[in-house]
Amino acid sequence: MPVISARERIATLFDRFDEFGRVELEVAGDPISFPGYEDAILLAERSSGESEAVITGVGSIERHQAVVALFEFGFLGGSMGEAAGARLQEAMRKAGESSRPFIAITSTGGARMQEGMAALAQMPRTVAASVDLARTGVPRISVLAHPTTGGVYASFAALADILIAEVGATIGFAGPRVAETMSGKRLPPGSHTAEAAFRKGLVDAVVDSKELRNVLGRLLVILEPAS
Amino acid sequence: MTAWDEYQLARHPGRPTPRYYVQTICEDFFELHGDRAGSDDPATLVSLARLEGHPIAVAAFDRGSPSAGGFRKVIRLIELAGRLELPVITLVDCPGADPGFDSEYAGLASAISRTFEVVLTVESPVISIVTGEGGSGGAMVLACGDVVAIQEHAVFSVIAPEGAAEILHRDPARGAEVADALRPTSADLLRLGLADFVLSEPKGGAHIDPVEAARGIASWLSTTLSDVRASPRDRAARFSRRPN
């Protein structure tokens, strides 16, 4: 199952994308002085061309706009640390402020180990931002792309009002390998996939990546407030 | 003491459990059971109780890994506490959520995210105490109170040292080597602003003298309950900033 980069997504999904870039709330990150982390960040920046694992901005599909957050799996496995949390919080705030739907497209292994408990703190941080956003009355949409696991899935992503999973994506709180190791049992074939999640009622739809623009565009039209 | 030593104390088989503390500290407690959706997770203890003449609600991960149904039990309890205006006390001794197939497909990720939501938004005051091993997002849902305390020899980490060793060295047996790097001790949690208090334990650890350890928690709770009643706080604010 190939991973689709954030930039490729932006190109195929949106007619226009105005990126927010770095946000004020970001802090210079190495909260627990994890050995080798600073070098790993530099390497991730070079290999992915991104400054963090989350890219935010306003995306347009035809005449409809949404605030969008995309995870770049090529940046340390799309993991969520303080900077990613700050960008997500700020993007959700802007969505509420501008009354635009919020779309998150996740491709992530979860909380970033190298930031320790500071990474885990991004779960309640993004949940709180999502709850504030919900109160403004705009819809929250999560697209769970390959792969989506751990602390991102189990925080703001799963809390969305509409959950869309991509065909063939690995989806689970625990990754399948962890689930097998911890439980000591072989998982049934097809476990931890988008299709299994759909059968069990965990997501609203399974959508092929080629159809995603269409589906998101339709949702934005359906949910547009009547004029 | 190394972080790995702290793990040994936090995981000590004789270490008092959240259930022990609730039984010892409260005048009386009535345990609630079931998520009203087909399960009663044994790793999750939710209870109504009487403490110093006041009604309270208690939600605890009781030395185990809660399944999706466990999180739904917590949601039930906290929504009830909000309606009855009961202060909520949460206790954490939980290496992580139950990652098994059944739990996953009972909606584990959604249940965890909803639990964060109710813990962060309930109108009642929430006081959190980490009493043993805390691990990953499953445990984090009950460590988001207005006030968070951690016992001296309790630990909390984004991932267990064995899991980190598996990722870093492809060898879970090397947990002792990586434990320090994860900064999982009570002092680390305080420094990161994710705990407000470290509760001291009997010399050698809570298992040496559980009664004394319970007394320590009880006296701290007594002061803290009146403090949080007097001044409600922005529960989520601590997660958006880090002390320097």
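Predicted model: local features only at pLDDT ≥ 70, side-chain atom pairs only at ≥ 80, totals over all residues.
**The largest pocket**

The largest pocket has a volume of about 1,400 Å³. It is lined by 45 residues, and the closest to its centre are A:Gly109, A:Gly175, A:Val178, B:Ile159 and B:Ile167. Which elements give two or more residues to this lining? In chain A they are strand 5 (140–149), helix 6 (150–157) and helix 7 (176–183). In chain B they are strand 5 (126–135), helix 6 (136–140) and helix 7 (161–169).

**The second largest pocket**

Here 20 residues form the lining, and A:Ala128, A:Ala129, A:Val131, A:Asp132 and B:Ala236 lie nearest the centre of the second largest pocket. Two or more residues come from each of helix 3 (82–97) and helix 5 (122–135) of chain A, and helix 5 (108–121) of chain B. Helix 5 of chain A gives the most to this lining, with seven residues.

| Pocket | Volume | Lining residues by class |
|---|---|---|
| Largest pocket | about 1,400 Å³ | 21 nonpolar, 17 polar, seven charged |
| Second largest pocket | about 330 Å³ | nine nonpolar, five polar, six charged |

**Helix 3 of chain B**

Helix 3 of chain B covers residues 68–84, which is 17 residues. At 1.5 Å a residue, this helix should span 24 Å. Just after the helix, B:Glu85 takes a positive phi of about 55 degrees.

Key
Residues numbered from 1 in each chain as written. Chains lettered and ligands numbered in written order. Heavy atoms only, no water. Helix = DSSP H or I, 4+ residues; strand = E, 2+ residues; numbered from the N terminus. Expected span 1.5 Å × (residues − 1). 1 Å grid on protein atoms, 1.4 Å probe; cavity = no way out; pocket = protein on both sides within 12 Å on 5 of 7 lines; lining within 4 Å. Points joined across faces, edges and corners; volume = space filled by probe spheres on them. Nonpolar A, V, L, I, M, F, W, Y, C, P; charged D, E, K, R; others polar.
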